[in-house]
Amino acid sequence: MATLGRLDSANLNGGQKLAVKYFTVALALFGAQILFGLLAGIQYLKPDFLYGVLDFSVNRMVHINALVVWLLFGFIGSVYWMLEDEAGIPVVGLKLGNLIFWIFTLAVAAVVVVYLLVQIGPGDHSSIWLINEGREYIEAPRWADIGIVVCVLTFFYNVAGTFAKGRYTGVGGVLVLDLIALFGLYLAGMFYTPNISVDQYWWWWVIHLWVEATWEVLVGCLMAYGLMKTLGVRRKIVETWLYIEVALMFGSGILGLGHHYFWIGTPEYWFTIGGFFSALEPIPLVAMVVHSVFDSGTHKIKNTNHPALAWIIAHAFGNFFGAGVWGFMHTLPQINLYTHGTQWSASHGHFAFFGAYATLVIAFFYLALQKWRGDVWMSGGLAGAWRWKWAMVLLNLGMIGMVMAMLVSGYEQSQIERAIEGSSWVGYFVAQAHPWFVQGMWWRQIFGWMFAAGFVLLVWDLLTIGRSERRPALVHAEPAAA
Amino acid sequence: MSQTEWWASESFWRKTAIWVTAGSFVALMFLTLDSMSEISAGSKRVPAYSVINHRIDYVFDEKRNFQVPVIGAEEPLFGKKLTEAEAEALVSHGKLTTQAKNCMNCHTLLGNGAYYAPDLTKAWLDPSWGSKEAREQMMVGFLMNPQDSLHNGIGRRMPNLGITESEARATVAFLKWMSSIDTNGFPYNFKPIDQSDPPPADAPVENGSPVQQQGG
């Protein structure tokens with residue numbers, strides 16, 4: 001047996017060895033996301049900064065694409081991480097999975113290099129195929145879309161094949177069905193039409209049905225596994241909760257898609273459907289908070305991995321506030337008419353992506369590090385625990401600060417640009433020049449630096465946590481009843 | 001251990017999850033089929049591309065209680081009337097240009113995109129272009145050389161994206177077509193450019209000057 005505290009891949013099973021590769025790339029892309037976010041933020045304050053070199057459009061594109069890809073890498077890594085544990089057998093087709101990891105990573109690198117060096121092309125199909133598709137969040141050129149489809153099909157084969165051959169748990173069943181939907185939806189974004197209403201209709205199928213439906217169910221699966229691992233919650237309990245969450249999530253989220261169909265040319269009946277179902281969307285997120293907090297209480301927060309559980313709890317609350325409350329605040333058409341396409345959306349977007357997704361992937365980073373170091377102690381009295389705690393404080397406070405700052409700017413924009421000035425270009429700039437708006441952008445930048453500091457500390461912590469520990473991890477007594 | 005109640009059982013919630021998901025998805029499919037027919041180019045909500053041969057305005061509708069696009073008299077873009085096929089080709093070239101130049105990562109279109117630059121939904125109707133006569137040429141000139149133009153008082157400028165004249169004209173066509181889409185009153189309370197015709201030479205004179213027609 002390997003020495004406790006030493007990073008040794010012999011401590012990991014096949015799927016987990018692949019998982020840590022995905023996690024490594026995910027963490028690097030998280031860093032890139034923060035860097036380009038900071039650059040774009042500075043341009044709000046100093047518009048000449050990098051003008052003509054790395055324009056706002058480029059920085060913002062890399063910022064949001066790095067976000068999507070690092071979360072996808074984090075999710076794929078997390079699924080590989082739990083796969084053998086859940087199914088009880090080695091990953092089927094792991095060699096192919098490994099090969100695909102390298103292809104996927106190289107493709108992502110190539111796309112980013114083209115984004116940064118080529119940036120834009122002539123107004124014809126060659127640009128869309130080779131440089132960038134110019135559609136928010138799914139800017140990746142068409143060649144990369146096809147590559148992504150091939151990569152995720154291989155990933156899906158690994159997951160479905162392993163569960164089919166091994167043990168099909170409830171978590172496994174939900175996961176496989178969810179992945180079919182998740183990847184199938186990507187195809188809805190892979191076509192060109194001159195009709196921007198039709199374009200945006202299907203574009204939202206990808207974006208909304210990812211982040212407000214299938215991604216939510218995916219993190220539900222990951223959270224179920226995480227709670228079993230850290231708290232030792234019984235499978236029957238987490239799986240029942242998972243089904244409840246799926247019913248509530250898809251029951252509200254699928255037709256909640258309608259809240260994106262208020263203003264893109266689609267019929268007025270979407271006001272009612274989108275408003276009603278999206279108003280229900282916070283309910284499953286409340287359920288997740290109740291679930292995680294209740295389980296933590298039942299187990300008296302006695303857990304095997306303090307940082308991982310802390311990030312799981314942060315996820316439950318972040319998901320509820322960021323996606324649920326912040327989404328609900330401006331989802332009804334009567335208010336969305338004024339807030340759609342303002343800093344409100346940016347405030348909600350930051351809070352939701354961080355609260356719902358970044359947090360849970362970070363929790364899996366900690367689960368991975370623990371086992372990678374030979375299932376080392378990560379409960380109370382952990383050496384150097386200040387690092388993960390301060391990283392968590394800085395990241396969360398930094399995010400909340402950014403979110404609040406953008407919300408202030410968003411309120412000002414809704415009022416002055418939209419309600420008073422009537423949404424003309426002059427109205428837009430009057431609002432952008434207003435001291436309240438500008439203050440919001442300054443505070444966003446300051447809290448952005450705090451967030452970045454939290455990231456640096458997080459990386460430092462991930463590199464060192466558990467290194468000087470020699471105690472084995474806490475072991476849960478099998479709960480006879482709960 | 002007491003037996004689990006039916007409403008707390010795993011199998012009840014598994015079945016519920018499956019039925020709720022399937023039901024929602026089927027509902028979405030039907031709504032999508034209907035929406036597709038309502039927003040295909042040439043429908044009432046999303047006009048045919050040849051709408052760029054006409055004046056487009058954005059007028060308050062008493063019944064719906066918000067502004068709606070109104071297709072007016074013939075007013076061909078760049079003075080040249082196009083067939084439906086020609087108009088579609090031109091608008092499509094413009095749409096491709098907006099994608100290839102990554103417009104959406106500074107601007108919003110139909111309110112979606114980034115928030116660093118103004119929304120383009122009604123760009124064609126924005127009062128900033130001054131007069132409707134000068135508008136087309138100003139838009140083309142701006143798109144080709146935005147870096148030299150005065151934009152605003154806060155120092156934000158659109159960079160030169162190497163847009164050619166044909167791309168610029170196509171983009172203007174795309175923007176004119178987009179302004180004709182019925183967006184359920186978004187943007188709200190918008191003050192469009194004055195597109196009223198100049199009064200004829202023999203119009204009644206009041207206080208020594210021709211009566212000004214009020215713009216929307």
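Trainee: What share of the 216 residues in chain B is buried?
Mentor: This is a predicted model, where local features need pLDDT of at least 70, side-chain atom pairs count only at pLDDT 80 or more, and totals for chains, interfaces and linings use all residues. Residues are numbered from 1 along each chain as its sequence is written, with chains lettered from A and ligands numbered from 1 in the order in which they are written. A residue is buried if 20 or more other C-beta atoms, placed from the backbone, lie within 10 Å of its own. In chain B, the buried share is 41%.

Trainee: Is chain B a compact globule or more spread out?
Mentor: Take the radius of gyration over C-alpha atoms; the globule rule is 2.2 Å times the number of residues to the power 0.38. The C-alpha atoms fill a box of roughly 95 × 45 × 40 Å along the principal axes. The radius is 24 Å, well over the 17 Å that the rule gives for 216 residues, so chain B is more spread out.

Trainee: In what order do the elements of chain B run from the N terminus?
Mentor: Helices (H or I, at least four residues) and strands (E, at least two) are DSSP runs, numbered from the N terminus. Chain B has four helices and six strands. Their order is α-β-β-α-β-β-α-α-β-β.

Trainee: Which helix gives the most to the side of chain A that touches chain B?
Mentor: Two residues are in contact if their C-beta atoms, placed from the backbone, lie within 7 Å. By that test, 66 residues of chain A meet 71 of chain B. Several helices of chain A each supply at least two residues, including H2 (56-87) and H13 (343-372). The top contributor, with eleven residues, is H8(A).

Trainee: How are H6(A) and H7(A) oriented to each other?
Mentor: Axes are lines fitted to C-alpha atoms, for helices over the stretch in contact, and angles run from 0 to 180 degrees between N-to-C directions. H6 (170-186) and H7 (196-231) of chain A pack at about 160 degrees, axes 10 Å apart. Angles over 145 degrees count as roughly antiparallel. H6(A) and H7(A) are therefore roughly antiparallel.

Trainee: How many nonpolar residues are in the contact of H1(A) with H16(A)?
Mentor: Among the residues that meet are Leu27(A) and Phe30(A) in H1(A) and Met441(A) and Trp442(A) in H16(A). Ala, Val, Leu, Ile, Met, Phe, Trp, Tyr, Cys and Pro count as nonpolar, Asp, Glu, Lys and Arg as charged, and the others, Gly among them, as polar. Five are polar and one is charged; the nonpolar count is 13.

Definitions and conventions:
Angles under 35 degrees count as roughly parallel, over 145 as roughly antiparallel, 65 to 115 as roughly perpendicular and the rest as oblique. A residue is buried if 20 or more other C-beta atoms lie within 10 Å of its own, exposed if 12 or fewer, and partly exposed in between; C-beta atoms are placed from the backbone.
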